[in-house]
Amino acid sequence: MIIRNYLNAEYKFGSSHKGKGEVKSVRLYDNKDFDTALRFFYYTEIPPQASIGYHTHGQDEEVYVIMEGRGRMTVNGEVREVGPGDVLLNKPGWSHGLENHTDAPLRLLVFEAALPAVE
């Protein structure tokens, strides 16, 4: 059994994909922990007026699970308000970013899986 607690974890603070401000995050699991194509599993907090910068993915899929707070998600140029309970899928080759435009923290889980190599 492998259990990690994001509430008691040692957080890192820094820019995420050249977004605004500093994001608080902890990588709970990475590819060496998985026996599948999963690459990582993060707990992330985006403080008020900060963001995960708009960026493009390669051969992977990424999922954001909004746990608390509100934000503006941009996917392939389309902007949408997101909040608790929203689960966002970012497909291979898509571009996306997430901005916290509110006065409260935005808390989410992020995980990514690699796609098999195309032959």
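Me: What share of the contacts in the chain with a separation of 6 or more comes from residues 24 or more positions apart?
Reply: That share is 61%. A contact means heavy atoms within 4.5 Å.

Me: What kind of model is this, and how are residues numbered?
Reply: It is a predicted model: local features need pLDDT of at least 70, side-chain atom pairs count only at pLDDT 80 or more, and totals for chains, interfaces and linings use all residues. Numbering starts from 1 along each chain as its sequence is written, and side-chain values use heavy atoms, without hydrogens and water.

Me: How many helices and strands does the chain have?
Reply: There are 0 helices and 10 strands. Both are DSSP runs numbered from the N terminus: helices are H or I with at least four residues, strands E with at least two.

Me: How do you know whether the radius of gyration agrees with a compact globule?
Reply: The rule is 2.2 Å times the number of residues to the power 0.38, over C-alpha atoms. For 119 residues it gives a value near 14 Å; the chain has 14 Å, so the two agree.

Me: What makes a set of residues a nonpolar core?
Reply: Its members are buried (under 20% relative accessible area, 1.4 Å probe, protein chains only). They are Ala, Val, Leu, Ile, Met, Phe, Trp, Tyr or Cys, joined through side-chain atoms within 4.5 Å. The largest such core has 15 residues, and Tyr64 and Leu108 are among those with the most contacts inside it. Strands S3, S5, S6 and S10 each give two or more residues. S10 gives the largest share, 3 residues.

Me: Which residues belong to another core, apart from that one?
Reply: It has 6 residues, including Leu28, Tyr29, Tyr43 and Leu109.

Key
Buried means under 20% relative accessible area, exposed over 50%, partly exposed in between (1.4 Å probe, protein chains only).
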